[in-house]
Amino acid sequence: MGVDPGLTRCGMAVVRGTVGRPPSFVAVGVARTGTELDIGQRLLTLEQALETWIEKHRPDVVAIERVFAQHNRASVIDTAQAAGVAALVAARHALPVSFHTPSEVKAAVTGSGRADKAQVTAMVTTILKLTAPPRPADAADALALAVCHAWRGGHTNRYAALVAAARKAP
């Protein structure tokens with residue numbers, strides 16, 4: 001499951017895939033919170049949306065975009081809080097969490113760590129054989145995170161296999 005954290009819009013996406021195999025699309029969506037709500041209510045709304053997605057789709061791992069320094073300090077704080085909620089919800093479900101930088105995701109999906117949003121959206125559409133580009137950009141970014149993690153694999157996939165096996169044990 002890929003999560004593009006944001007307080008106003010948080011992209012969530014699920015793909016099936018492993019290293020060396022093409023990923024396939026499962027689901028994509030965006031959780032939205034009203035700017036008129038106080039921060040606590042916005043984070044609670046986000047937490048509830050992430051809970052619903054994890055319960056519905058049962059991912060093996062959650063890949064979250066790593067917060068990076070932006071010009072707008074308030075935006076960085078909001079994004080970091082949303083990322084923290086996503087990591088907390090994953091931990092509650094005993095799911096491993098992996099963080100990927102925006103440039104790492106862009107490089108995995110497009111071949112260039114400097115790709116723009118349009119290029120990422122176009123490649124995600126092609127890779128997952130979607131009939132239309134995912135909208136808004138938060139949805140496309142969440143799909144790109146999920147694809148990046150599926151292709152890059154890593155220790156979290158091994159841990160996810162152990163967790164999945166433990167869930168199936170009597």
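Tutor: Buried means under 20% relative accessible area. This model is predicted.

Student: Is aspartate 138 buried or exposed, then?

Tutor: Aspartate 138 is buried, because its relative accessible area is 12%.

Student: Which side chain does aspartate 138 meet in a salt bridge?

Tutor: That of arginine 9, at 2.6 Å from N to O. Aspartate 138 sits in helix H5 and arginine 9 in strand E2, so the bridge ties together parts 129 residues apart in sequence. Arginine 9 counts as partly exposed, at 35% relative accessibility.

Student: How many salt bridges does the structure hold?

Tutor: Five. One of them pairs arginine 92 with glutamate 47, with the closest N and O atoms 2.7 Å apart. That pair links helix H2 to helix H1, across 45 residues. Glutamate 47 is buried at 16%, while arginine 92 is partly exposed at 46%.

Student: What about arginine 152, which partner does it have?

Tutor: Glutamate 104, with the closest N and O atoms 3.5 Å apart. Arginine 152 is in helix H5 and glutamate 104 in helix H3, so parts 48 residues apart in sequence are tied together.

Student: Switching to the largest pocket: what is its volume?

Tutor: About 520 Å³. It is lined by 25 residues, and aspartate 138 is among those that lie nearest its centre, along with Asp4, Glu65, Lys117 and Asp141.

Student: How does the lining split by class?

Tutor: There are 10 nonpolar, five polar and 10 charged residues.

Student: Last one: where does threonine 33 lie?

Tutor: In the loop between strand E3 and helix H1. Threonine 33 is buried at 7%, and its side chain reaches the backbone oxygen of leucine 7 at 2.3 Å.

Note on methods. Residues are numbered from 1 along each chain as its sequence is written. This is a predicted model: local features need pLDDT of at least 70, side-chain atom pairs count only at pLDDT 80 or more; totals for chains, interfaces and linings use all residues. Side-chain values use heavy atoms; hydrogens and water are left out. On a 1 Å grid over the protein atoms alone, a cavity is a set of points where a 1.4 Å probe fits but cannot get out, and a pocket is an open set with protein on both sides within 12 Å along at least five of seven lines; lining residues have an atom within 4 Å of a point. Grid points are joined across faces, edges and corners, and a volume is the space filled by probe spheres set on the points. Ala, Val, Leu, Ile, Met, Phe, Trp, Tyr, Cys and Pro count as nonpolar, Asp, Glu, Lys and Arg as charged, and the others, Gly among them, as polar. Helices (H or I, at least four residues) and strands (E, at least two) are DSSP runs, numbered from the N terminus. Buried means under 20% relative accessible area, exposed over 50%, partly exposed in between (1.4 Å probe, protein chains only). A polar contact is a pair of N or O atoms within 3.5 Å; within protein, one must be able to donate a hydrogen and the other to accept it, and residues adjacent in sequence count only if both atoms are side-chain atoms. A salt bridge is a side-chain nitrogen of Lys or Arg within 4 Å of a carboxyl oxygen of Asp or Glu.
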